[in-house]
Amino acid sequence: MQFGLNDEQLAAKEAARRLAQDRFAPRAAEIDASAEFPWDNVRLLREAGFLGMAFPEEYGGGGADHVSHVAVKEEIARACLSTCTIMAAQYLGSLPLMLAGTPQQKARFLPPLAAGERLAAFGLTEAGAGSDASAMRTSARRDGDSYVLTGVKCFVTNGGAADFYTVFAKTDPQAGTRGISAFMVEKGTPGFSFGKSENKLGIRASATRELVFDECRVPVENRLGAEGSGYKLALRTLDHTRPGVGAEAVGVAQAAFDAALRYASERSVFGSPLAEKQVIAFMLADMATQLEAARLLVYRVAALIDAGATTFTLAAAQAKLFASEMAHHVVDKALQIHGGYGYMKEFPLERYYRDQRITEIYEGTSEIQRLVIAAQLLRNGSGERR
Ligand SMILES: Cc1cc2nc3c(=O)[nH]c(=O)nc-3n(C[C@H](O)[C@H](O)[C@H](O)COP(=O)(O)OP(=O)(O)OC[C@H]3O[C@@H](n4cnc5c(N)ncnc54)[C@H](O)[C@@H]3O)c2cc1C
């Protein structure tokens with residue numbers, strides 16, 4: 001299925017598949033085992049133009065549409081989800097700037113990000129504030145022409161590797177979600193350092209690290225959007241990036257499915273190939289159908305954004321929720337089809353199994369997606385789109 005992808009979108013998907021299968025797939029197990037941040041893959045993503053593919057052309061980006069972007073992410077995730085996560089965080093960390101930055105801020109920060117010469121990261125979560133980001137404690141106190149940031153962000157993808165950080169902090173602790181503002185903070189700013197690096201279940205080669213702000217002075221001109229608009233900006237950003245997490249889930253599930261289909265055709269039990277056992281054949285039929293449904297949801301929301309939709313919160317949450325839970329199920333079944341071999345590190349199934357799990361957690365857990373979907377339905381009625 002190509003969901004009516006046009007020639008340009010198909011070419012982007014095909015180029016991503018070639019790069020990912022030739023260069024990322026062969027190294028995926030090794031960097032998973034070593035948890036080494038793959039700077040060589042970052043270079044390849046940069047050279048292929050994928051790190052900045054969805055950035056505006058006027059700032060040196062590829063100006064690609066959202067359908068191409070999710071199609072490319074799917075192919076990269078299919079080979080190596082760690083690498084795809086690094087690419088995704090580049091977009092996540094830069095989107096607040098694209099959505100709310102002034103022309104001066106964009107001219108200053110976007111070109112090196114669009115060129116992939118610098119990496120970005122997004123610092124919203126804190127130890128006591130994940131799903132409920134409004135409980136954040138990091139503060140930004142205005143002092144003349146600066147804000148002084150104090151606090152600790154955790155679980156930040158590309159933490160330590162990135163040069164530019166979008167950081168959310170409370171400028172008015174009494175004002176709830178309206179008291180949060182966003183700032184662009186550069187690596188090397190005095191008072192900004194990196195804390196604990198996380199040792200993770202999956203996407204082990206991606207960096208996940210604490211950001212520590214100790215009286216870190218950030219100039220007023222680094223604030224993104226109006227004071228107090230940071231929470232809304234974070235949510236708008238996540239609406240744009242959740243389809244990308246859905247694409248990651250589709251990519252990993254496709255890889256697991258491909259392996260299962262091959263294995264079921266080659267492995268003989270009780271005198272005939274596994275695939276000829278109806279239980280296994282039906283399992284494969286269900287997996288392929290669920291995979292395709294998830295892909296359609298992901299591509300549909302990307303197409304909606306490309307068509308100029310201004311509100312797509314519902315469709316983005318549905319795509320992420322369905323695709324990530326589909327991947328959980330499909331990868332699990334693919335591992336099951338491999339029997340004991342699926343459990344061994346010689347086969348990639350156990351890595352897919354560990355990697356896939358993050359798609360149900362970051363950028364809003366499945367429970368949070370359900371809360372978002374329910375709130376949208378209760379506010380706007382039926383989710384049916386014509
Ligand atoms: C590998 C990795 C990379 C990440 N990258 C980033 C990043 O780049 N930037 C960033 O800012 N954050 C990042 N995160 C953080 C991630 O977005 C949060 O972990 C996630 O939003 C959940 O927050 P939490 O961990 O605090 O869990 P909690 O919010 O404490 O949730 C715990 C459990 O309670 C459930 N829950 C919470 N609220 C409700 C509710 N109202 N009703 C029912 N159930 C509820 C949750 O679904 C979950 O199951 C990353 C996390 C990981 C693991």
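**Aromatic rings and a helix**

Keep in mind as you look around that the model is predicted.

Now turn to the partner of Phe213. Phe192 and Phe213 make a stacked aromatic pair, with 4.8 Å from centre to centre and 15° between the planes. Phe213 belongs to strand β7 (residues 208-219) and Phe192 to strand β6, so their pairing ties together parts that lie 21 residues apart in sequence. Phe192 has a relative accessible area of 9%, and because buried means under 20%, Phe192 is buried as well.

How many aromatic pairs does the model hold by the ring-centre rule? The count is eleven. One of them joins Tyr165 and Phe192 edge-to-face, at 5.1 Å centre to centre and with 85° between the planes. Here too the pair links distant parts of the chain: Tyr165 sits in strand β4 (residues 164-170) and Phe192 in strand β6 (residues 192-197), 27 residues apart. Tyr165 and Phe192 are both buried. Stepping back, you can see a cluster in which ring pairs link Tyr165, Phe192, Phe194 and Phe213.

Let's move on to the helix. Just after α7, look for Gly308, which takes a positive phi of about 95°.

Terms used: Residues are numbered from 1 along each chain as its sequence is written. This is a predicted model: local features need pLDDT of at least 70, side-chain atom pairs count only at pLDDT 80 or more; totals for chains, interfaces and linings use all residues. Side-chain values use heavy atoms; hydrogens and water are left out. Rings of Phe, Tyr and Trp (its six-membered ring) pair if their centres lie within 6.5 Å; planes under 30 degrees apart count as stacked, over 60 as edge-to-face and the rest as tilted. Helices (H or I, at least four residues) and strands (E, at least two) are DSSP runs, numbered from the N terminus. Buried means under 20% relative accessible area, exposed over 50%, partly exposed in between (1.4 Å probe, protein chains only).
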